[in-house]
Amino acid sequence: MSGNIELLNTTLAAAKATDRAALIAYLPAGFPTVDGGIEAVKAVVAGGADVVEVGLPHSDPVLDGPVIQTADDIALRGGVRIADVMRTVREAYEATGVPILVMTYWNPIDRYGVERFTAELADAGGAGCILPDLPVQESALWREHADKHGLATVFVVAPSSQDARLATITAAGSGFVYAASLMGVTGTRASVGAQAQDLVGRTRATTDLPVCVGLGVSNAAQAAEVAGFADGVIVGSAFVKAMLDAPDEAAGLAAVRSLAGELAEGVRKR
């Protein structure tokens, strides 16, 4: 079975055609439970998310701040495995029909096997992977199998990325480019910052791929600001915090659905 990179491409193009940015939501698999994580994906889509990133919980994250680390720890203590991540992708995609990507560090894929991981992700209906710590110069094996299985390879660029480096990264990627709005880890911020707009402009000079901004967006006003210059707005920690702060799972699902609605309205006010 081929993966859903084309669904991702058409979803992002459809948002652009209606003169708005796409809303991309991040949620970890297995949080608060595997079943609860699947329901959370359904909730953010019901609220208005166009694309979902499912995080593969990792014990040593380099990009994730304390909120997502807390959720990952809950998932790992609950015994989450890659099979549960694949189940989350499959059931979320079957229930919603939106593009579902996996965001993961490289070590779990390397240990699991690149061919096995890409084949299973495609079979589950996945659209691709975001790989924040895989160097482009070491990505040929991954990209070979991702291309074979119809999966997008999304790389992360940062404000520190020089223009020549941006060109190398974007030439190797597909689906979209993940632009980290600031130097640091994931988490909500009081402001997203001018660095993000500069990075989007420099990245666009190297590629026709959509450029989507993450790290720091937590409310409708910030989403509207970022939507003014980016093709997609990526929100993770705010959704996870809403789940963590809720008194029970039902309240958490209601909270993330409501937040998704506010953010979806924000990206349409660009």
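## Strand S2, a covered strand

Strand S2, which spans residues 51-55, is mostly covered, since five of its five residues are buried. The structure described here is a predicted model. In a regular strand, the side chains alternate between the two faces of the sheet.

Strand S2 pairs with strand S1 in the parallel sense, over five bridges. Within this pairing, Tyr26 has Glu53 of S2 as its bridge partner.

## Leu27 in strand S1

Leu27 belongs to strand S1, which covers residues 22-28. Is Leu27 buried or exposed? Its relative accessible area is 3%, and the limit for a buried residue is under 20%, so Leu27 counts as buried.

Which residues does Leu27 touch, when its neighbours within four places in sequence are left aside? They are Ala40, Val41, Val44, Glu53, Val54, Gly55 and Phe239. Glu115, by contrast, is 88 residues from Leu27 in sequence and 25 Å from it in space, taken from C-alpha to C-alpha.

## The sheet as a whole

Strands of a sheet pair through backbone hydrogen bonds, either parallel or antiparallel. In this model, nine strands form an open sheet with parallel pairing, in the order S5-S4-S3-S2-S1-S9-S8-S7-S6. Strand S5 (152-154) and strand S6 (156-157) stand at the edges; each has a single partner strand, so one side of each is left without a neighbour in the sheet.

Elsewhere in the sheet, strand S7 (residues 177-180) and strand S8 (residues 211-214) run parallel and are joined by four bridges. In this pair, Ala180 stands opposite Gly214 of S8.

Helix H10 (residues 220-227) and helix H12 (residues 249-267) have axes that come within 7 Å and cross at roughly 35°. The crossing of H10 past H12 is right-handed. On the side of H10, the contact is made by Ala220, Ala223, Ala224 and Ala227, while H12 contributes Glu262, Leu263, Gly266 and Val267. By class, these residues comprise six nonpolar, one polar and one charged. An α-helix has 3.6 residues a turn, so residues three or four places apart point the same way.

Helix H11 covers residues 237-245, and its buried residues are Ser237, Ala238, Phe239, Val240, Ala242 and Met243. What covers the buried residues of H11 includes strands S1 and S9 (232-235), together with helices H2 (34-47), H3 (66-77) and H12.

Ser139 is located in the loop between strand S4 (128-130) and helix H7 (140-148). Ser139 counts as buried because its relative accessibility is 0%. Beyond its neighbours within four places in sequence, Ser139 is in contact with Leu134 and Phe155.

Arg116 lies in helix H6, which runs over residues 114-123. How accessible is this residue, and what does its side chain meet? Arg116 counts as partly exposed, because its relative accessibility is 45%. Its side chain makes a polar contact with the side chain of Tyr112, at 3.4 Å. Arg116 and His145 are 29 residues apart along the chain, and their C-alpha atoms are separated by 9.4 Å.

Definitions and conventions
Residues are numbered from 1 along each chain as its sequence is written. This is a predicted model: local features need pLDDT of at least 70, side-chain atom pairs count only at pLDDT 80 or more; totals for chains, interfaces and linings use all residues. Side-chain values use heavy atoms; hydrogens and water are left out. Helices (H or I, at least four residues) and strands (E, at least two) are DSSP runs, numbered from the N terminus. Buried means under 20% relative accessible area, exposed over 50%, partly exposed in between (1.4 Å probe, protein chains only). Contact means heavy atoms within 4.5 Å. A polar contact is a pair of N or O atoms within 3.5 Å; within protein, one must be able to donate a hydrogen and the other to accept it, and residues adjacent in sequence count only if both atoms are side-chain atoms. Two strands pair if DSSP finds at least two bridges between them. Axes are lines fitted to C-alpha atoms, for helices over the stretch in contact, and angles run from 0 to 180 degrees between N-to-C directions. A crossing is left-handed if the near helix is turned anticlockwise from the far one by less than a right angle, and right-handed if clockwise. Ala, Val, Leu, Ile, Met, Phe, Trp, Tyr, Cys and Pro count as nonpolar, Asp, Glu, Lys and Arg as charged, and the others, Gly among them, as polar.
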